[in-house]
Amino acid sequence: MTRSTPRPNVLRTVLLVLSILGSGRLPLAAAPHDARGVTLLLQGAGPAVSSKASEETWGEYLPDAGGRLHWTGFVGYLVRQHGWNIGGVVRPRAEQVLAEHLDPMGAAPAGRADVYILASSLPAQTDGLDSRARELASAVAMLRSLTGTPRIRLVAYSASGVAARIWMQGGLENQPYPPGSVDRLICVATPHLGVGTLARPAAWFWRRYGPLAPDSDALNRINRHLALPPDVRFIDVVIQSSAAPLVDSGRSYRPYVRLPETQVRGLPPLLGTGHDGVVHVMSAQLHLTPTAARYENETDQPIQVVVCTPPAGPVDDVGDLTLHTLALRDPSVWQTLRELLEQPSADPDSLCAEAAATVRRAWAEQIARHLAATTVQHRHPTGRIVAVEIVRCEITARDRHGLHCAWQAQCEIEVRRMFRQPDWQSCAATGSFTLDFDRFQRPIALRESATEVSD
């Protein structure tokens with residue numbers, strides 16, 4: 001029987017994308033306190049081992065000009081601008097987490113907290129990902145007991161997303177994942193397919209990077225053999241350069257994706273080339289793995305992908321290796337994460353066909369903006385893209401799985417001059433392309449693309 005409307009889980013994803021994609025985003029109203037659930041923030045795996053690494057990832061508890069302590073960063077954004085309550089920092093000991101291991105840094109004096117930070121212990125930071133996964137499992141169990149919340153929402157930065165999957169997919173011996181423990185896993189710049197250019201040499205000095213090689217046993221197990229839990233929603237926040245994405249085909253990752261080679265080559269540049277200096281955009285997309293394909297086919301629930309393009313900064317060039325960490329200091333990324341966290345878990349009752357078209361249009365505008373920035377950057381390789389504005393975006397709908405787009409963009413670029421102040425220039429970029437979508441409204445192919453730039 002032919003369906004007249006999209007399936008419920010697809011509807012949920014369409015609403016999520018509607019609220020986040022592009023400059024024409026549809027902002028969500030602030031969710032009631034009870035709708036937020038309990039969120040646990042997880043740090044990544046950097047080269048430096050520190051007892052403050054988690055706080056430095058998500059914000060720091062510092063005095064202001066008046067001497068009053070407050071949270072900065074993403075946690076400060078949630079607390080001061082949106083009324084969230086922080087419950088403190090969870091500090092595991094020997095892969096075990098008890099209630100007394102909760103450090104109440106700036107915790108609200110009364111009421112249930114909305115967000116906690118998991119500070120990986122020093123042994124877990126120096127070990128592989130299994131230790132992080134065990135500490136996460138113990139922390140989730142403690143928070144469920146402490147708060148009375150049955151399902152925890154996880155936001156995992158970088159390699160912690162892989163550690164979370166190791167636990168949730170049953171990769172830990174004698175520590176299985178209890179079904180119903182996690183509501184959603186939001187992975188930010190997580191190398192699901194590994195870090196091809198950095199993992200192997202880094203593993204010579206730091207053991208913890210060994211599992212992040214694309215051909216490692218750990219990634220092979222969770223990407224090909226161990227199933228994703230069907231009761232969890234998975235969302236990837238891909239960090240892509242806004243100014244000058246490096247032209248990188250991601251060839252080293254192609255043997256590990258579920259798509260045929262011809263489809264991989266046809267991916268839109270926004271999703272197929274470039275990286276944040278550490279994680280390639282293809283590696284940051286869980287839905288490209290074989291185990292994700294089984295999850296989507298069996299549950300009919302999509303793995304969502306959202307692309308954020310934070311600025312690299314005023315002094316960063318195309319080779320900047322810090323965008324991976326700078327992204328978590330960007331307010332646009334904070335807004336995206338908050339909207340993903342505050343989205344209700346329940347499926348919407350209905351959605352008109354026009355909404356799906358709006359999702360496709362939002363993707364088309366974001367891809368056009370990316371094409372404009374890339375083309376202008378190649379025209380001015382020593383410059384820095386300051387702003388890209390889409391001034392025209394004409395959509396011709398082909399069918400429910402494709403469209404044709406003719407677009408025009410205005411780009412502001414700062415061009416550096418030797419021994420002189422930078423010059424500010426304005427460029428006009430025009431182009432057109434044909435874009436295909438899969439059944440979950442994710443872009444899968446960019447065809448017949450043409451772009452021109454005039455100064």
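**Sheet, helix and core**

Q: In this predicted model, which residue in β10 stands opposite V238?
A: Five bridges join strand β9, residues 233-239, to β10. The two strands run parallel. Opposite V238 stands V307.

Q: Which are the edge strands of the open sheet?
A: Eight strands form the sheet, in the order β5-β4-β6-β1-β7-β8-β9-β10. The pairing is mixed. An edge strand pairs on one side only. That describes β5 (102-103) and β10 (304-308).

Q: How far apart are the end C-alpha atoms of helix α5?
A: Helix α5 covers residues 129-147. At 1.5 Å a residue, its 19 residues should span 27 Å. The model agrees: the ends are 27 Å apart.

Q: Why is α5 described as largely enclosed by the rest of the structure?
A: Buried means under 20% relative accessible area. The helix has 19 residues, and it is largely enclosed because the buried ones number 14.

Q: Which element gives the largest share of the largest nonpolar core?
A: This core has 44 residues. L40, L136, L154, W167, M168 and F234 have the most contacts inside it. Elements giving two or more residues include β1, β6, β7 and α8. The largest share, eight residues, comes from α5.

Q: Which residues does L40 touch, leaving out those up to four places away in sequence?
A: Contact means heavy atoms within 4.5 Å. On that basis L40 touches Y116, I117, L118, L136, A139, V140, L143, I152, R153, L154 and V155.

Q: How many residues are in the other core, which lies apart?
A: Its members include V279, A409, V415 and A429. The core's residue count is 35.

Note on methods. Residues numbered from 1 in each chain as written. Predicted model: local features only at pLDDT ≥ 70, side-chain atom pairs only at ≥ 80, totals over all residues. Heavy atoms only, no water. Pairing = 2+ DSSP bridges. Helix = DSSP H or I, 4+ residues; strand = E, 2+ residues; numbered from the N terminus. Expected span 1.5 Å × (residues − 1). Buried < 20%, exposed > 50% of the residue type's maximum accessible area, 1.4 Å probe, protein only. Core = buried A, V, L, I, M, F, W, Y, C linked by side-chain atoms within 4.5 Å.
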